[in-house]
Amino acid sequence: MMRQAESMATLKLASEERPIHVQFTTRTAGIRMPVDLLEKCADELTIVLQRKFLKLTVTGEGCEVVLWFNRQYKLLAVPFDAVTNSWDMGPGGVLGLVALR
């Protein structure tokens with residue numbers, strides 16, 4: 001669990017320099033997200049952490065973050081068990097996978 005929390009905590013620092021993508025299933029137990037997003041992304045969602053996010057909170061089970069969607073901020077809670085993929089981007093493309101699980 002500690003490795004997951006440390007990995008997620010580094011996302012905020014990395015995302016200030018380059019975008020970090022986190023892909024997750026939206027039907028996993030513990031997911032909290034607005035109904036309108038769940039209707040649009042019924043099975044899976046990829047979020048990008050880069051500058052326009054607030055209140056990234058990391059626990060041993062997952063993270064919460066406030067992101068900008070459709071001209072308003074929305075809270076997402078994502079357990080580590082829901083994360084299916086994550087990667088960071090550099091000027092030349094994908095730099096590497098970010099281990100979150």
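Visitor: Why is arginine 71 called exposed?
Guide: Arginine 71 has a relative accessible area of 73%, and exposed means over 50%, buried under 20%, and partly exposed in between, with a 1.4 Å probe and protein chains only. Because 73% is over 50%, arginine 71 counts as exposed. Before we go on, this is a predicted model, in which local features need pLDDT of at least 70 and side-chain atom pairs count only at pLDDT 80 or more, while totals for chains, interfaces and linings use all residues. Residues are numbered from 1 along each chain as its sequence is written, and side-chain values use heavy atoms, with hydrogens and water left out.

Visitor: Why does asparagine 70 count as partly exposed?
Guide: Its relative accessible area is 48%. That value falls between 20% and 50%, so asparagine 70 is partly exposed.

Visitor: How many helices and strands does the chain have?
Guide: There are two helices and seven strands; helices (H or I, at least four residues) and strands (E, at least two) are DSSP runs, numbered from the N terminus. Along the sequence they follow the pattern α-β-α-β-β-β-β-β-β.

Visitor: Where is lysine 74, and why is it called buried?
Guide: Lysine 74 is in strand E5, residues 72–79. Its relative accessibility is 7%, which is under 20%, so lysine 74 counts as buried. Across the chain of 101 residues, 44% count as buried.

Visitor: Which residues is lysine 74 in contact with?
Guide: Leaving aside neighbours within four places in sequence, lysine 74 is in contact (heavy atoms within 4.5 Å) with Pro34, Asp36, Leu37, Val65, Val66, Leu67 and Phe69.

Visitor: How do you know that lysine 74 and aspartate 36 form a salt bridge?
Guide: A salt bridge is a side-chain nitrogen of Lys or Arg within 4 Å of a carboxyl oxygen of Asp or Glu. For lysine 74 and aspartate 36, the closest N and O atoms are 2.3 Å apart, within 4 Å, so the pair qualifies. This pair links distant parts of the chain: lysine 74 is in strand E5 and aspartate 36 in helix H2, 38 residues apart. Aspartate 36 has a relative accessible area of 28%, so it is partly exposed.

Visitor: How many salt bridges does a search of the whole structure find?
Guide: The search finds two salt bridges.

Visitor: Why is the pair of tryptophan 68 and tyrosine 73 called edge-to-face?
Guide: A search of the whole structure finds one aromatic pair. The rings of tryptophan 68 and tyrosine 73 have their centres 4.8 Å apart and their planes at 65°. Rings of Phe, Tyr and Trp (its six-membered ring) pair if their centres lie within 6.5 Å; planes under 30 degrees apart are stacked, over 60 edge-to-face, and the rest tilted. Here 4.8 Å is within 6.5 Å and 65° is over 60, so the pair is edge-to-face.

Visitor: What about threonine 57: where is it, and which residues does it contact?
Guide: Threonine 57 is found in strand E3, residues 53–58. Leaving aside neighbours within four places in sequence, threonine 57 is in contact with Gly62, Cys63 and Glu64. At 39% relative accessibility, between 20% and 50%, threonine 57 counts as partly exposed.
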